[in-house]
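Welcome! Have a look at the picture, then try each task before reading on.

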Amino acid sequence: MTLPKFGKAFRSEFSFQPNYVPLNHGSYGTYPKALKPILRGYQEAAEEHPDRWLRYEQHLVLEKNLQLVGQMINADPKDLSFVPNASQAANNVLRSFPFKAGDKVLYYQTGYINVNKTLEFVQDHYGVELVRVDLQFPMEDDEIVDLTRQAIQHEQAKADEPKIVMAVIDALSSLPAVRLPFERLTKLVQANGILALVDGAHTMGHIELDMQAVDPDFFFANCHKWFFTPRGCCILYVPKRNQGYVHPTTITESYKYHTECSDHSSFALEQIPPTLDTSPYMCVEAAIKYRESLGGEKVINDYCHDLAVKGGALVADILGTCVLENAAKTVTTNMVNVQLPIRSTITKSDSDIVNTYLQKLIYEYNTMASPYKHNGTWWVRLCAQIYLDLDDFEIAGKALLAITNEMNKD
Ligand SMILES: Cc1ncc(COP(=O)(O)O)c(C=O)c1O
């Protein structure tokens, strides 16, 4: 079968309603129609003989898919498990790690809301102290590393106080969408005796990953965002040296207490979920094959990155504003941030502004991109994908301009 070229025509490979212009792939992802029979096939197998499938046969398929993920990201499959989504992966690590009251966790204000809220939870429930590092994008990678180093030095120099034990680092942050120097940050925190929990929610199918090279202490990546598996499918990577301390948020019969973080004897068993439709996890293999049929990761991501850069410039031109970018041009990936020309004297509340954009983009203009405020300035995140082209960015840019002009009149 010949596939259409990347761009608008490629939308027929996906299940979108006609005329919908989807510029928000980064939030929930979606998967090609070609994967539907694979997903349904596994669901059928479960219904045909639930006991045989759930007790025995599903595990073989899951294991095979974990091996394939392991090959993709250069990780031992025994260090991987599937979880439904990135929020749950963060919860598994943060809520089971044996923090002591007063232990400190370093994080950034630009971390994903669910992850930062989980940190608030461990602060409230376990007495963990949070050390916040404020990032004001656009920043150069060196600046981010320097700010982090200063925060660590400042905290660790305090005599008679518990130290920072963990740092939560975004690989690609959400709003703003920024590629952080997570490889360098991981090395920096580890060199200071701090465990690195890397939020790679946006990474699979977006940037190259090598767990052996980066060597994070904990890492997770959604497959349902950029990798084209059905929702929810996320991988959690925990090297054996830390597996003793990670338990799922939903405890099952395999739970075992470990006094040593390196006791990995029950990790795999504990990660087996209770009754759940695991068929999205089983679609990794099909997603890999589909992506290979398109030319592979580089071909896909070269198209998306180029479109994000050009699309962002076009939308900035329409809005008369700018793209959030640094001198080294490391900010924009397949997602691009463009400033919104909202007048500074506007009286609407921030949540009213966000809701107005969302409602109008979705229900009046049949498109979607994520508006947000970063350090006092309004921006919108637009996501490139193989089913989009520059015309789509133009449509979104014009919609954003019309909504902004209307709001600025109020
Ligand atoms: C950086 C980041 N981390 C975590 C998440 C949470 O992902 P999920 O909704 O799959 O839990 C998101 C979602 O957009 C994200 O952008």
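**Exercise 1.** At what angle do helix 12 and helix 13 pack, and how far apart are their axes?

*Solution.* Keep in mind that this is a predicted model.

Step 1: Find helix 12 at residues 350-364 and helix 13 at residues 390-409. Their packing angle is about 135 degrees, and their axes lie 10 Å apart.

Step 2: Now name the arrangement. Angles over 145 degrees would count as roughly antiparallel, and 65 to 115 as roughly perpendicular. Helix 12 and helix 13 are therefore oblique to each other. Their crossing is right-handed.

Step 3: Look at who meets whom. Helix 12 brings Ile353, Thr356, Tyr357, Lys360 and Leu361, while helix 13 brings Ala399, Ile403 and Met407. Sorted by class, this contact has 6 nonpolar, 1 polar and 1 charged residues.

**Exercise 2.** Describe how helix 4 and helix 5 pack.

*Solution.* Step 1: Helix 4 covers residues 86-96 and helix 5 covers residues 113-126. The angle between them is about 25 degrees, with 9 Å between the axes.

Step 1: An angle under 35 degrees counts as roughly parallel, so helix 4 is roughly parallel to helix 5. The crossing of helix 4 and helix 5 is right-handed.

Step 2: On the helix 4 side, the contact is made by Ser87, Ala90, Asn91, Leu94 and Arg95. On the helix 5 side you will find Asn114, Val115, Thr118, Leu119 and Val122. The residues of this contact divide into 5 nonpolar, 4 polar and 1 charged.

**Exercise 3.** How many residues does the largest nonpolar core have?

*Solution.* Step 1: The largest nonpolar core has 114 residues. Its largest share, 6 residues, comes from helix 11 (residues 297-319).

Step 1: Ala167, Phe220, Cys234, Ile235 and Leu382 have the most contacts inside this core.

Step 2: Zoom in on cysteine 234. Not counting residues up to four places away in sequence, cysteine 234 touches, among others, Val83, Pro84, Ala89 and Phe220.

Methods. Residues are numbered from 1 along each chain as its sequence is written. This is a predicted model: local features need pLDDT of at least 70, side-chain atom pairs count only at pLDDT 80 or more; totals for chains, interfaces and linings use all residues. Axes are lines fitted to C-alpha atoms, for helices over the stretch in contact, and angles run from 0 to 180 degrees between N-to-C directions. Helices (H or I, at least four residues) and strands (E, at least two) are DSSP runs, numbered from the N terminus. A crossing is left-handed if the near helix is turned anticlockwise from the far one by less than a right angle, and right-handed if clockwise. Two residues are in contact if their C-beta atoms, placed from the backbone, lie within 7 Å. Ala, Val, Leu, Ile, Met, Phe, Trp, Tyr, Cys and Pro count as nonpolar, Asp, Glu, Lys and Arg as charged, and the others, Gly among them, as polar. A nonpolar core is a set of buried Ala, Val, Leu, Ile, Met, Phe, Trp, Tyr and Cys residues joined through C-beta atoms within 7 Å. A residue is buried if 20 or more other C-beta atoms lie within 10 Å of its own, exposed if 12 or fewer, and partly exposed in between; C-beta atoms are placed from the backbone.
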